[in-house]
Amino acid sequence: MSEQVNQTIKKVFTELATGLETGQVGPKLKIGLTIDGSELGLEVMKQAAYAIKQKNDFELVLIGATTDWTGDFEHLATDRCQKSAAQLMEAALASDLIQGCVTLHYNFPIGVSTVGKIVTPAFGKPLLIATTTGTTSAVRNEALVLNALNGIAVAKTLGIKQPTIGLLNIEGAKTAERALQQLKTNGYELHFGKSQRADGGTFLRGNDLLTASVDVVVCDSLTGNILMKLFSAYTSGGGYEVAGAGYGPGIGEAGTQNICIVSRASGAPVIENALEYAYQLAKGGLKKISADEYTAAKRANLVEICEQLKPVSPVQGEVSAPTKEIVTKEIAGIDILELEAAVQALWQAQIYAESGMGCTGPILLVNEANASAACDILQAKNYL
């Protein structure tokens, strides 16, 4: 019997043994990790990768430049450009070579946002924060409603059958609660938790974040991003994220992919936890559960309810988009509540633009040749 046949038989029996032990049938799931771009260097990626390899729950696929240790893993080699790594990651996900990926930076389109996962310091209880990066909608109150759906989808994927939600007591929370109550009245399954403070209620205070009074905290993504940074790095002085599982997967009706975000300041423990998080989401079928939640919510008149939350556009008359162009120039500094109005203003001036979300906040994307004129228009209308 040849050595190759022996190795094949060994692999089959190993997979069978693993399946009996874990309940997983067939080959192991594969989760990617883009390794370049961390402010802390490659060492944190290396530490997290070897920690995952030792656990042996799933196969790790590295995406990035070749190093002296990438040979110990399945490796999709690219240069140190994050754009190249993102393109390779997207191709690997589309071909089902990997079933999820952890990356340091990714521009999700408007309509998609991420659900972070932390462990609270009071009782060591897991808590989902919906959402932490990206923007589910340019309309703040609508975004809060959709963020609740995203958080529920993740909770159910992780095995919480009836997750409880609470809204952080921020601007728009009361309007969002009314909309969510209307969804519930219309038949969408939704379970409100309550504050652990004496007066209770669905609106959460800082105490509730520390104790995890609910399974899912709903807030806007910029507030959620700050919360993630505080919870993950408060013991280290802020320069090294120690705790939690990162900023989570991008979810939305516009498209749900198991692309989980970590920060450039995320340390090895957070990267390791983020990889485990991505694996649990892949194993639980995040994409299907997310789609099911949006379908159920739409049956409960989600579209009509969200339409009532949208303000009247400040641009008079109907504005059609100019001819589509390649947009590579990012214009930052526009408030998220004015992002779509800014797009409309540029369209009105016959400059094609798209809205998006960068790692530091909302952005407009225009053609490089139109960048100067676009900035002049946006400044004249007080968007910049």
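Which residue forms a salt bridge with Lys30, and how far apart are the closest N and O atoms?

Guide: This is a predicted model, in which local features need pLDDT of at least 70 and side-chain atom pairs count only at pLDDT 80 or more, while totals for chains, interfaces and linings use all residues. Residues are numbered from 1 along each chain as its sequence is written, and side-chain values use heavy atoms, with hydrogens and water left out.

The partner of Lys30 is Glu74, with 2.9 Å between the closest N and O atoms. Helices (H or I, at least four residues) and strands (E, at least two) are DSSP runs, numbered from the N terminus. A salt bridge here is a side-chain nitrogen of Lys or Arg within 4 Å of a carboxyl oxygen of Asp or Glu. Lys30 is buried at 18% relative accessible area, whereas Glu74, at 30%, is partly exposed. Buried means under 20%, exposed over 50%, and partly exposed in between, with a 1.4 Å probe and protein chains only.

The structure holds nine salt bridges. Another of them pairs Glu253 with Lys298, whose closest N and O atoms are 2.7 Å apart. Glu253 sits in the loop between strand S11 (248-251) and strand S12 (257-261) and Lys298 in helix H9 (residues 286-299), so the pair ties together parts 45 residues apart in sequence. Glu253 is partly exposed at 46%, and Lys298 is partly exposed at 39%.

Glu307 and Lys310 also meet in a salt bridge, at 3.6 Å from N to O. Glu307 has 49% relative accessibility and Lys310 has 36%.

Now the helix pair. The axes of helix H4 (residues 140-157) and helix H5 (residues 173-185) come within 9 Å and cross at roughly 50°, which makes H4 oblique to H5. Axes are lines fitted to C-alpha atoms, for helices over the stretch in contact, and angles run from 0 to 180 degrees between N-to-C directions. Under 35 degrees counts as roughly parallel, over 145 as roughly antiparallel, 65 to 115 as roughly perpendicular, and the rest as oblique.

In H4, Asn141, Leu144, Val145 and Ala148 meet residues of H5 that include Ala173, Thr175 and Leu183; contact means heavy atoms within 4.5 Å.
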